[in-house]
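Please look through the structure below with two topics in mind.

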Amino acid sequence: MKRITLIKGDGIGPEISEAVLKIIDSSGVSIDWDVQTAGADVIAEEQTPLPDRVIKSVMENGVALKSPVTTPIGKGFRSVNVQLRKELDLYANLRPCYNLPGIKTRYDNVDIVVVRENTEDLYAGIERQIDDDTAESIKRITRAASTRIAEFAFNYALKNNRKEVCVVTKANICKLSDGLFLNCARETAERFPQIRFREILVDNCCMQLVQNPNQFDVLLLPNLYGDIVSDLCAGLIGGLGIAQGANIGEDCAVFEPVHGSAPDIAGQNKANPTAMLMSAIEMLNYIGANEAAFKIKTALFETLRAGIKTADLGGESSCSGFADEIIKRLRCII
Ligand code: ATP
């Protein structure tokens, strides 16, 4: 039986985790969940929101499913999400973004994969207070990390039958940092002649995405632009409630939804578990449980096609009610 770390998180984390676990359990796949707590709730007892036991568990198991953990704005601890990605060297953030059945959006046939560098840029946390009225953040970009993520994007494109990789920067302004990221992408592109290569500035990319998203295939971005553009892409397909994600490194992978802990709706059984479920489906594919992954996806899509939706998509289902509807359909498939 495969042992997988489950990080339950906070805010809507526990509700969506419970829904997703119930669905996975009903698919017949056997998983030994190694449940780990993290975030604000463990600080009092363990003096840190990300205890070493969590890192150790993911390293040992090689795979984790993670629900959101709140990042407090301003002073305090470093983001659990950022620290986890850094400590486990989960250098690639992969966010496939495509229309799901039954969810009407402005554009049909959106099918974009966001590949975001996950370890540096403004997320490196190199900040300093110059004086009371001045603060600085360092935007750190290295050749090694930029080449590694570019290779990931091109290899992903090749393996998944994608046609183009488009690198997104602001290299006309951040000439050295984004310029280096762009150059590494250019050099890598030369080694993948089968895949088309395109360059775009991030501001133009955002405008093009809202006007004509169907022109894009795989997007390759440094950390911060990747964060922002992937939320934009989530908006194109129906919002954060359905946007899946994965953080991938050489030795382990952590699957998690794009959204945060949504404190505004936490504890109300209102959250949409689809983003977490889609992330879990990719996790099942990653561990080779392709049949269970396929069945769960089919049941989810049938549920959405039947017009059953949570409030964020204009429906009336609760989080647990939506999960029950998926399980009902899953039982017919099995
Ligand atoms: P973070 O900084 O951790 O990414 P955030 O405050 O930017 O968090 P979210 O917590 O993702 O953003 O929430 C943004 C908005 O999207 C909120 O109004 C929230 O209620 C909504 N939202 C996020 N996830 C879901 C979900 N699974 N189901 C329904 N609504 C959601």
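The paragraphs that follow take up a pair of helices and then the aromatic pairs.

This is a predicted model. Two packed helices are described by the angle between their axes and the distance between the axes. Helix 10 (residues 290–305) packs against helix 11 (residues 319–333) at an angle of about 120°, and their axes are 8 Å apart. Angles of 65 to 115 degrees count as roughly perpendicular and those over 145 as roughly antiparallel, and helix 10 and helix 11 are therefore oblique to each other. Their crossing is right-handed.

Which residues in helix 10 and helix 11 meet? Helix 10 contributes Lys295, Ile296, Thr298, Ala299, Leu300, Glu302, Thr303 and Leu304, while helix 11 contributes Phe322, Glu325, Ile326, Arg329, Leu330 and Ile333. Sorted by class, this contact of helix 10 with helix 11 has 8 nonpolar, 2 polar and 4 charged residues.

Next come the rings. The count comes to 4 aromatic pairs. One of them joins Tyr91 and Phe152 edge-to-face, at 6.1 Å centre to centre and with 85° between the planes. Tyr91 sits in the loop between helix 4 (80–87) and strand 4 (92–98), and Phe152 sits in helix 5 (residues 143–159), so the pair ties together parts 61 residues apart in sequence. Tyr91 and Phe152 are both buried.

Phe154 and Phe192 have ring centres 5.2 Å apart and planes at 25°, so this pair is stacked. Phe154 lies in helix 5 and Phe192 in the loop between helix 6 (177–190) and strand 9 (196–201), so parts 38 residues apart in sequence are tied together. Buried means under 20% relative accessible area. Phe154, at 0% relative accessibility, therefore counts as buried, and so does Phe192, at 8%. Ring pairs also link Phe154, Phe192 and Phe197 into a cluster.

Definitions and conventions. Residues are numbered from 1 along each chain as its sequence is written. This is a predicted model: local features need pLDDT of at least 70, side-chain atom pairs count only at pLDDT 80 or more; totals for chains, interfaces and linings use all residues. Side-chain values use heavy atoms; hydrogens and water are left out. Axes are lines fitted to C-alpha atoms, for helices over the stretch in contact, and angles run from 0 to 180 degrees between N-to-C directions. Helices (H or I, at least four residues) and strands (E, at least two) are DSSP runs, numbered from the N terminus. Angles under 35 degrees count as roughly parallel, over 145 as roughly antiparallel, 65 to 115 as roughly perpendicular and the rest as oblique. A crossing is left-handed if the near helix is turned anticlockwise from the far one by less than a right angle, and right-handed if clockwise. Contact means heavy atoms within 4.5 Å. Ala, Val, Leu, Ile, Met, Phe, Trp, Tyr, Cys and Pro count as nonpolar, Asp, Glu, Lys and Arg as charged, and the others, Gly among them, as polar. Rings of Phe, Tyr and Trp (its six-membered ring) pair if their centres lie within 6.5 Å; planes under 30 degrees apart count as stacked, over 60 as edge-to-face and the rest as tilted. Buried means under 20% relative accessible area, exposed over 50%, partly exposed in between (1.4 Å probe, protein chains only).
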